[in-house]
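Colleague: I am new to reading models like this one. Could we go through it together, one question at a time?

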Amino acid sequence: MENEKISKKLNDVVAYLEENISSDDVKIHLFTVKNKAFALLYVDSLSDKTAISDNVLRPLKKINDFSKESISATIHAPEMKTLYTYAEAFTECFDGNTVLFIDGESLSLSLGYKKFEMRSVAEPPTSITLRGPREGFVECLSTNLSLLRRRVKSKNLKIEFISIGKYSETRVAICYVDGVAKEGLKEQIVEKLKTLQIDNVADSSYIAKHLTKDKSSIFKEIGTTEKPDIFTAKLMEGRVGLIVDGSPFVLTAPYVILEDFQAADDYYSLSYRATAVRILRLFAVLIAILLPGLFVSAELFHLQLLPLSFLLTIVNSIKGIPLSPSFEMFFTLAIFEILNEASIRMPKYVGMAVSVVGGLVLGETAVNAGIISAPTLMIIAISGICLYTVPEMVQTFSVLRLLFLLTAGSFGGYGIILLAVGVIIYLVSAESFGTPILAPFAPLIIKDHKDAIYKGFFGENVFRPKTFGSKNKTRMRIFSKFKDKKEM
Amino acid sequence: MNYPLKTRQIALFFIAFLPVVKMFTMPKSAAEACNEDMWISILLCLIIDYATILALIKINKTHQKPFYDILKDRFGTITAKTIFFVYFLFFMIKAFTPIFELRNFVQNSFYSTSLRTFPFVPFFILSVYFCTKKYSVLGRLSDLLWIMTVLGVSLILFLSIANADFGAIMPIFNNGLNIFKGSYFITPWFTDASYLLFMIGFFKHEEKTTLKLSLAFLAHGIIILLFSIVFYCSFTFVAKREFFPLSEIAKYSGVINAIGRFDYIAILIILISNTVSVALPLYFATKTLSMIIPIKNNVIIPIIINVSHLIIATFFERYQQFIIAIIHLNLSPVMLCLGNIAPFLLLFIKPKKADFTNNKALLKRSA
């Protein structure tokens, strides 16, 4: 029904609009200029009424020729599009544009006078850096695209729009650098996106989950970032990006686990420091996931593995604790997770108090009361801190930590090994749009190890990562280097 | 053509998975047969395996198609399936010793103080999962886990080498024909070329394939020899009584006296690749059986194979010594024939004009 062509008679148009749009925030403004009737259709909360008045109503009053060309030339609009169906008119209207219907014309003009309130560009709370750009994406698609365009001025940066959501009609911008992104990757993503029929896209995570092959997996298959500098760098490596209107988290595909271990700071600081920090992150993650499980398995099954002095310390500290080692660890972990959840949800001023009460009072009191032991509390605290060294993977790692803890409590150290091997087998088989998520480690791509755990010096990363299969291999040329070689 | 495996991955497969499975009771068994000449027995087995590997590299170069296709083209489907069934039995038998060894090792080293017996069911659950995976996953596992093997073995050797008295392996050839007796007994631990037999046609022959695989096999040989020699030199004539060299070899290190069983970190690291290594015969048994009975659901065959081994490991535990004795004393020649001699026979089969449609379809299934 909505694909119906726009009627020539304005009365019919208005009748159609009134019949089909019965929402109080949608305005139909009728006016005549020298016996020629016009109708403006716009959403009150999304349109700039001053601009409509100044650039449409006032100029139109001055014209004598009412042909479409003349009207188009008279109106001052940053964006103007000719529409022929009601469906197009509705889409443009709900997107914030103003639609002008002219009596006697079987078309309408979409005029770009959007105006709505939005959050200003600020440093994203999830990826704070010491060095480098501090801008972060916001909820507005056009603002996000401007942040991207400001960084990539090339005509090769292609942006294609697609609408997803039966009712929300959320706009998704598919961004890629033509000639750099792997051939066929964009088409693959678009194909997959077209298979999604959903009422509303509340956040980009909906799209990410849809693009994920293994829906029950605890591991990601789509990368996310809130920072335009990281997003740009990922596009330049050959990935395809998705910016979803209404979400500050932009998506990138293909995803490799390694990218979450790489922070923006690594690229703006000393290579030595970056390498050391990456190794630290890796160890911290291993500690976060494995330490509670290893401690429980040692307490339950492998006391002989502990040095005698350490063993005596543990024995003294667990003396009189009513809970079993695994239940004690599980209980402490549950308390920690509850505190964590509460401190995120609570208002900031209350959150501070909760931290003090939870961290100091509750912990100290629980140990003194003999409910939990000091080593257990310390292990959970260390694990909790280590978990946040890779903030993008906190959810995955916390689930893994729990799994390892349960396995350790049931099967001990060898159970941990078996679960670790299971996770490794899962990870080496997982792929994100044909790219193994464990690349460049499995499969081993030696050339890509210049920016893996080891962070190469500036000038070492001459080529784009092989992992993403870009045909355009070179991303950097330092001509003096070649010159030096020739002279030699 | 897109091959599921790369030469590099097969080379790393040799380093990652072949040495670790021979570190449980193999050195002790070799020492039992020929004392200080045990390393010569091991060397003999390594040489036989290496010769077979060279032959298989040549076969891969000339045929460029999987083992099943070579047999089918030359002898027809029924013969090919029959031979695959024989190899299925071969892998099922080959799996016994490492599974028993791993179970005993884990029980004795990790659960000696706990009252209950370690339940081995999780291992078979993991093995079922592993057996459903394709060759490309095995290749990627090799890419990742070789470092674990190298790291773990290096740490163990670093901790134990100071206690070894290398004079203990002298004089050489002191045990005469017992060297061959040792080789005969430890043969089922080797016959590793059989794995490569099932990988031919799944990797491209390149200019440096022979060199890469030879170097990797050499590295694997060095690891095994070094480990066995250090083990014998640490325990000398009582080596034959040390059932689990892996947990015993570094026990008397000075570092351990100071900070506790530090060597268990190395053992845990080795156990990661060892777990995959122990499941390898079951993996290849799955591959062979799925060629004989092509079932769409790729979980059924791994379940059948693993459950049958679980039943044996659980209910026939008291007969494990008997089963191992039969395998190593009676079935060694059979293992040698299937693992080392049979692949040589493939050299005499002339390649038919390549049937690329079949080969492509097979590669696609395994990619």
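Modeller: Let us begin with a sheet in chain A. Five strands, or rather 5 strands, form an open sheet there, with antiparallel pairing. Strands are DSSP runs of E, at least two residues long, and helices are runs of H or I, at least four, all numbered from the N terminus. Two strands pair if DSSP finds at least two bridges between them. The order in the sheet is 1-2-4-5-3.

Colleague: What should I know about the model and the numbering?

Modeller: This is a predicted model: local features need pLDDT of at least 70, side-chain atom pairs count only at pLDDT 80 or more, and totals for chains, interfaces and linings use all residues. Residues are numbered from 1 along each chain as its sequence is written, while chains are lettered from A and ligands numbered from 1 in the order in which they are written.

Colleague: In strand 5 of chain A, which residue is the bridge partner of A:Thr98?

Modeller: Strand 4 (residues 98–102) and strand 5 (residues 108–111) of chain A pair in the antiparallel sense over 4 bridges. The partner of A:Thr98 is A:Leu111.

Colleague: What angle does helix 1 of chain A make with strand 2 of chain A?

Modeller: Helix 1 (residues 10–20) of chain A packs on the sheet and touches strand 1, strand 2 (36–43) and strand 4. Contact means that the C-beta atoms of two residues, placed from the backbone, lie within 7 Å. Helix 4 (residues 86–94) of chain A lies across strands 1, 2, 3, 4 and 5, at about 55 degrees to strand 2. For helix 1 the angle is about 20 degrees.

Colleague: How many bridges join strand 6 of chain A to strand 7 of chain A?

Modeller: Strand 6 (residues 157–164) and strand 7 (residues 170–177) run antiparallel. They form a hairpin with 5 residues between them, and A:Gly165 in the turn has a positive phi of about 115 degrees. A:Lys158 stands opposite A:Tyr176. The number of bridges is 8.

Colleague: Which residue stands opposite A:Val172 in strand 9 of chain A?

Modeller: Strand 7 of chain A also runs antiparallel to strand 9 (residues 240–244), joined by 4 bridges. Opposite A:Val172 is A:Val244.

Colleague: How many residues of domain 3 of chain A are in contact with domain 2 of chain A?

Modeller: The bounds come from an automatic or database domain assignment. It gives domain 1 (10–111), domain 2 (141–255) and domain 3 (274–432) in chain A. The centres of domains 2 and 3, over C-alpha atoms, are 35 Å apart. Domain 2 brings 9 residues to the contact, and the number from domain 3 is 6.

Colleague: How are helix 13 and helix 14 of chain B placed: roughly parallel, roughly perpendicular or oblique to each other?

Modeller: The axes of helix 13 (residues 263–292) and helix 14 (residues 300–315) of chain B come within 9 Å and cross at roughly 130 degrees. Angles under 35 degrees count as roughly parallel, over 145 as roughly antiparallel, 65 to 115 as roughly perpendicular and the rest as oblique. The two helices of chain B are therefore oblique.

Colleague: Where in chain B does B:Pro171 lie?

Modeller: The peptide bond from B:Met170 to B:Pro171 is cis, with omega near -5 degrees. B:Pro171 lies in the loop between helix 7 and helix 8 (178–186) of chain B.

Conventions:
Axes are lines fitted to C-alpha atoms, for helices over the stretch in contact, and angles run from 0 to 180 degrees between N-to-C directions.
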